[in-house]
Amino acid sequence: MIASDLRSGVERLGDMIAEAKTIVPFTGAGISTECGIPDFRSPGGLWTSNRPIEFSEFVASRDARDESWRRRFAMEEVFAAARPGRGHRALASLYRAGKVPAVITQNIDNLHQASGFAAEHVIELHGNTTYAKCIGCGQSYPLDWVKVRFDQDGAAPNCTICDEPVKTATISFGQMMPEDEMQRAAELSRACDLFIAIGSSLVVWPAAGFPMMAKNNGARLVIINREPTDQDDLADLVIRHDIGETLGPFVGN
Ligand SMILES: [Zn+2]
C-alpha cells in the first residue's frame, strides 16, 4: 500500500513500529543525502563523472591505486563534516529502546556509528570509507596514516606488515562481498517482524534480496524512498517522501 500523504504514512509507520518486537532497518544513500553525502551512483554523482575503479585494477596498477586515493582525499572534507541526520537519529532512538538489534547498510559513511550504534551492530555490506585496510592481511590504518605517506612520496603506501596495497575499507566493484556481513544480514532479515528499507532503490544485488527474505519469513515490509523501488509491490507500506521528514517524528522516542 502506498501512503497517500506524508502524515498518514508517518501515522501508519508509527503503529507498525509500536506493534513490532524486532525491527531491522536497511539503509541506502538516501538516508545520508541530508548530511551532505552525495549518492555516488546518482546522475551527477562521483561515479557518473569518474568511472569507478574496479578492484582488479586497484590490485594490478599503481596508477589506479594513486588515483583511487586522490579521489578519496578529495572527498575528505565532505565525509569529515557529515553529521547524522534525522533518519540516523530516529533509528538510533529505536536501537536504544531495544527495538532494533542492528542496522544493515549499503552506506560507507560511518554515520550510523556516529549516531550511537555500536560498531558491531552496524552491518556494512559495502564496507567503510573512514579508515583504510590492507588487502593482504587486513591490518587497519587511519586515513591520516595513508595521507601523510601519500603526500610525502606522491604514491599510495603499502602495508608495513605484509607489503600488500592499503585501500579504503570499502568493497569495490569486482571485490567479493564480505561473507560474515552477508550472513548476519540474512539472519537479521529472517528474524525480524518489521523490516524497514530506507533510501535504497533496492536494485543492487544483494540489497534486493533482504526485503524479500524478511517478507518470506512473515515480517511486515516498509519502504521509505523518494522514488519508486523494484520491491514496492511486496511492501505493506510504501512512503515516497523525504527521509528526514518521514523519520524526524521518531527521533527521541
Ligand atoms: Zn598487510
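Before the pocket itself, a word on the term: a pocket here is an open set of grid points with protein on both sides within 12 Å along at least five of seven lines, and its volume is the space filled by probe spheres set on those points. Please also keep in mind that this is a predicted model.

The second largest pocket has a volume of about 480 Å³, and 24 residues line it, with G127, Y131, K133, A169 and E181 lying nearest its centre. Two or more lining residues come from each of β3 (122–124), β4 (127–134), β6 (166–170) and α9 (179–191), and β4 gives the largest share, which is five residues. Sorted by class, the lining holds ten nonpolar, nine polar and five charged residues.

Let me turn to the zinc ion, whose protein donors are the SG atoms of C134, C137, C159 and C162, lying 2.3 Å from it. Around the ion these four donor atoms subtend angles of 94 to 118 degrees, and the arrangement is therefore tetrahedral, since that requires all angles to lie between 85 and 135 degrees. Along the chain the donors follow the spacing C-x2-C-x21-C-x2-C. C134 lies in strand β4, whereas C159 lies in the loop between α8 (143–153) and β6, so this pair ties together parts that are 25 residues apart in sequence. C134 is buried, with a relative accessible area of 4%, and C159, at 4% relative accessibility, counts as buried too.

Definitions and conventions:
Residues numbered from 1 in each chain as written. Predicted model: local features only at pLDDT ≥ 70, side-chain atom pairs only at ≥ 80, totals over all residues. Heavy atoms only, no water. 1 Å grid on protein atoms, 1.4 Å probe; cavity = no way out; pocket = protein on both sides within 12 Å on 5 of 7 lines; lining within 4 Å. Helix = DSSP H or I, 4+ residues; strand = E, 2+ residues; numbered from the N terminus. Nonpolar A, V, L, I, M, F, W, Y, C, P; charged D, E, K, R; others polar. Donors = N, O, S within 2.8 Å, 3.2 Å for Na, K, Ca; no water. Tetrahedral: all angles 85-135°; square planar, octahedral: opposite > 155°, others 65-115°. Buried < 20%, exposed > 50% of the residue type's maximum accessible area, 1.4 Å probe, protein only.
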